[in-house]
Amino acid sequence: PTIVMLRCTMTRLIVGFAVTFEYESWAAYRLAIINMVTDKVDYCRQHGIEIHQDEWPAHHWPKGILTDNGAMIAKYGQPLRKALNVKLFHTGSGRPEMKAVIESGFADLNRELVFNLPGEILTEASDPDSDPVTRKYKESASLDLEEFEQAMIHYCLDYNSRVIEDYPLTDAMKGGIVNPIPVDLWQWGIRHSSGDLRPGNPDLARLHCLSREMATVTERGISFHDRYFECKRSLDENWQEQARINGVWHVEVAFDHNDLSVIFLCRLDPRRPKDPYLEPCTPKRIRGERPDISLAELLQDQSAHKNLVRDLSEDRPQKQADYQASISRITKEARKKTVERLNGEKQGVDSLRPRRAIGIAEEREQRAAASGGVTESISPNLADDENSLDSQNEFPAASDTDFALIEQALNRGGEA
């Protein structure tokens, strides 16, 4: 998994961390930031570990966060800076010494925890002459993500109460006033050097650490990764009707990678134009679809569906060609019969209505013969039908020759 850690530069206290299968990206960093402002007593209790507040007292917003030129420099970190007034400082490229507190912390983490767990990847594993058991580290892995996170919690509690031998105590700290222990340094700093820490709100952090992307307003709703959402504003302003009439347009939305049961429409509050306002959008109900699906699961399902459609459509071109050939053959034979029947004469439109009556009579005769029953009769008095059809302007008036043809058809059809 990917491990993201946040430490206090003054006290070395681990103020937050995240363990995730996400790659090193904003999706992983945001989890560590949310953990940073979460009350650690409640957090540890969720994982079956009971602690006191003074064992891990960090749940605050800092004045600033120092990172390398990684995911925190991306646009996703801007809402954190603008809305919560947390400054983001970035080190130079290839300058790990500029954040030595974090770099040395990972070395301690590997030495004290990671390399002592089953499934650890040692340097010797890449040596072809090393022990075969060492090279098969994947086969010895035993911990799942929850168990590894519990181990990380115990490591943080141990580190925060550990003596830091090389900590540079200031003159105000010397003489036994404070011990070089992260928790003691934190408590001393709160009393004597505080002023920038603010109590954190996990929900507020989660809101402003969401990822941002563009969605499309369509006649079916707000389309985000082929999933449709709606919100109060879209309903009040009839966005679907506007998209149907005027065409689609794009809006910015914020979302949680792990839960797409709600996304947030980003818009400006007229009363505070500099601050973004996030309006929740819920998915439109689709039978058989989970509302709380993650983005990774949604993309995986969509990819599987596309593969299924592609596999089922492999023989579609041949079927389409067979279909077109069948239609072409039927049309060709019909045209040939028509030419033979007309014998060079032009087919007129005056006889369409009586010919339809002939066709109806023949069709009924064929159905009766096929079912072994009697044919249905057609009244020879067609005056009413003629007036009805003429009133609808469907066909021109029939001639005497047309009525003669109809009477012949009736005589062949028999009496009902």
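I take buried to mean under 20% relative accessible area, exposed over 50%, and partly exposed in between, with a 1.4 Å probe and protein chains only. By that rule, 34% of the 416 residues of the chain count as buried.

I note that this is a predicted model, in which local features need pLDDT of at least 70 and side-chain atom pairs count only at pLDDT 80 or more, while totals for chains, interfaces and linings use all residues. Residues are numbered from 1 along each chain as its sequence is written, and side-chain values use heavy atoms, with hydrogens and water left out.

I then turned to His47, which lies in the loop between helix H2 (40-46) and strand E3 (60-61) and counts as buried at 12% relative accessibility. Its side chain makes polar contacts with the side chains of Glu146 (2.9 Å) and Glu149 (3.5 Å); such a contact is a pair of N or O atoms within 3.5 Å, and within protein one must be able to donate a hydrogen and the other to accept it, residues adjacent in sequence counting only if both atoms are side-chain atoms. Leaving out residues up to four places away in sequence, His47 touches Glu146, Glu149, Gln150 and Ile153 (contact means heavy atoms within 4.5 Å).

Last, I checked Glu112 in helix H4 (residues 100-112), which is partly exposed at 40% relative accessible area.

Conventions:
Helix = DSSP H or I, 4+ residues; strand = E, 2+ residues; numbered from the N terminus.
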